[in-house]
Amino acid sequence: MGRSADCPLVLLAGSRVDGSPIWGLAHASWRSTVQGITTRLLKDMTAAGALSDDLSALIAPSAGPCCYEVGRDVYAAALEGIGPHAADFFIEKDSGLFFDLWTANRDALLRGGLPPSSIRLDGRCTICDADFPSYRREGAEAARFGVVLGRRRP
Ligand SMILES: [Zn+2]
């Protein structure tokens with residue numbers, strides 16, 4: 001289970017060579033995203049025996065590119081941590097610079113070998129969807145929502 005109030009939670013589930021289940025979860029804050037947490041999670045799971053072509057991913061509700069305004073320091077950190085292609089994850093608007101954490105983490109999953117059909121992006125923005133708590137909208141007192149990763153019995 002992961003808890004969040006804007007940061008994308010990236011969930012991965014699949015199986016190992018022996019058929020046993022394997023799960024992984026990353027709390028992909030902007031700092032963790034630019035440091036490659038999703039790429040590292042994929043590598044750790046593969047090292048633990050996960051079959052990469054059997055993994056499914058979900059990027060949970062989180063701050064969306066519609067609302068997630070950041071400073072130039074975040075842009076610089078992304079270029080340094082992810083590489084020059086990280087420029088594609090930022091949107092320049094009249095009101096400022098916006099970081100698309102969804103695309104950044106989806107890109108890390110694609111580069112890690114997951115096919116597009118195995119990646120689900122929830123797409124609900126926690127900042128503009130009042131059904132979710134939001135650190136940006138409500139401040140440090142914001143509640144957290146939880147995402148639970150499990151396996152149904154056959
Ligand atoms: Zn939004």
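## A mixed helix-and-strand protein, at a glance

The protein has five helices and nine strands. Their order from the N terminus is β-β-β-α-α-β-β-α-β-β-α-β-α-β. Its radius of gyration is 16 Å, close to the 15 Å that the globule rule gives for 154 residues, so the protein is as compact as a globular protein of that length. Please keep in mind while you browse that this is a predicted model.

**Overall layout**

- Along the principal axes, the C-alpha atoms fill a box of roughly 50 × 35 × 25 Å.
- Of the 154 residues, 30% are buried.
- If you take the contacts between residues at least 6 apart in sequence, 70% of them join residues at least 24 apart.

**The four-stranded sheet**

- Four strands make an open sheet in the order β3-β2-β4-β8, and the pairing is mixed.
- At the edges are β3 (21-27) and β8, each of which pairs on one side only.
- From one strand to the next, the twist averages 15°.
- β2 and β3 run antiparallel and are joined by seven bridges.
- Within this part of the sheet, I22 in β3 is the residue opposite G14.
- Helix α2 packs on the sheet and touches β2 and β3, with its direction at about 160° to that of β3.

**Helix α2**

- The buried residues here are T38, L41, L42 and M45.
- These residues lie on the same side of α2, because they cover an arc of only 100° around the axis.
- Among the elements that cover the buried residues of α2 are β2, β3 and α4.
- Just past the end of α2 comes G49, which has a positive phi of about 105°.

**Helix α4**

- Helix α4 spans residues 101-111, and its buried residues are L101, W102, A104, N105, R106, A108 and L109.
- Those buried residues pack against β2, α1 (30-34), α2 (37-47), β4 (56-59), β7 and β8 (119-121).
- After α4 comes G113, with a positive phi near 110°.

**The nonpolar core**

- The largest nonpolar core holds 30 residues, and the ones with the most contacts inside it are V10, L11, L12, L41, A57 and L101.
- Two or more residues of this core come from each of β2, α2, β4 and α4.
- Helix α4 gives the most, with five residues.
- L11 is in contact with L25, A57, L58, A60, V147 and L149, leaving aside its neighbours within four places in sequence.

**The β6-β7 hairpin**

- Strands β6 (residues 90-93) and β7 (residues 96-99) pair in the antiparallel sense over four bridges.
- Two residues sit between these strands, and together β6 and β7 form a hairpin.
- E92 has L97 in β7 as its bridge partner.

**Two residues worth a click**

- D6 lies in the loop between β1 (2-4) and β2 (9-15).
- Although D6 is not a glycine, its phi is positive, about 150°.
- D6 is buried, because 25 other C-beta atoms lie within 10 Å and the threshold for that class is 20 or more.
- L79 belongs to helix α3 (residues 72-81).
- L79 counts as partly exposed, because it has 16 C-beta neighbours inside 10 Å, a count between the 12 or fewer of an exposed residue and the 20 or more of a buried one.
- Not counting residues up to four places away in sequence, L79 touches P84, A86 and A87.
- L79 and V34 are 45 residues apart in sequence, while their C-alpha atoms are 8.0 Å apart in space.

Conventions: Residues are numbered from 1 along each chain as its sequence is written. This is a predicted model: local features need pLDDT of at least 70, side-chain atom pairs count only at pLDDT 80 or more; totals for chains, interfaces and linings use all residues. The radius of gyration is taken over C-alpha atoms; the globule rule is 2.2 Å times the number of residues to the power 0.38. Two residues are in contact if their C-beta atoms, placed from the backbone, lie within 7 Å. Two strands pair if DSSP finds at least two bridges between them. Axes are lines fitted to C-alpha atoms, for helices over the stretch in contact, and angles run from 0 to 180 degrees between N-to-C directions. A nonpolar core is a set of buried Ala, Val, Leu, Ile, Met, Phe, Trp, Tyr and Cys residues joined through C-beta atoms within 7 Å. The arc is that of the directions from the helix axis to the C-beta atoms.
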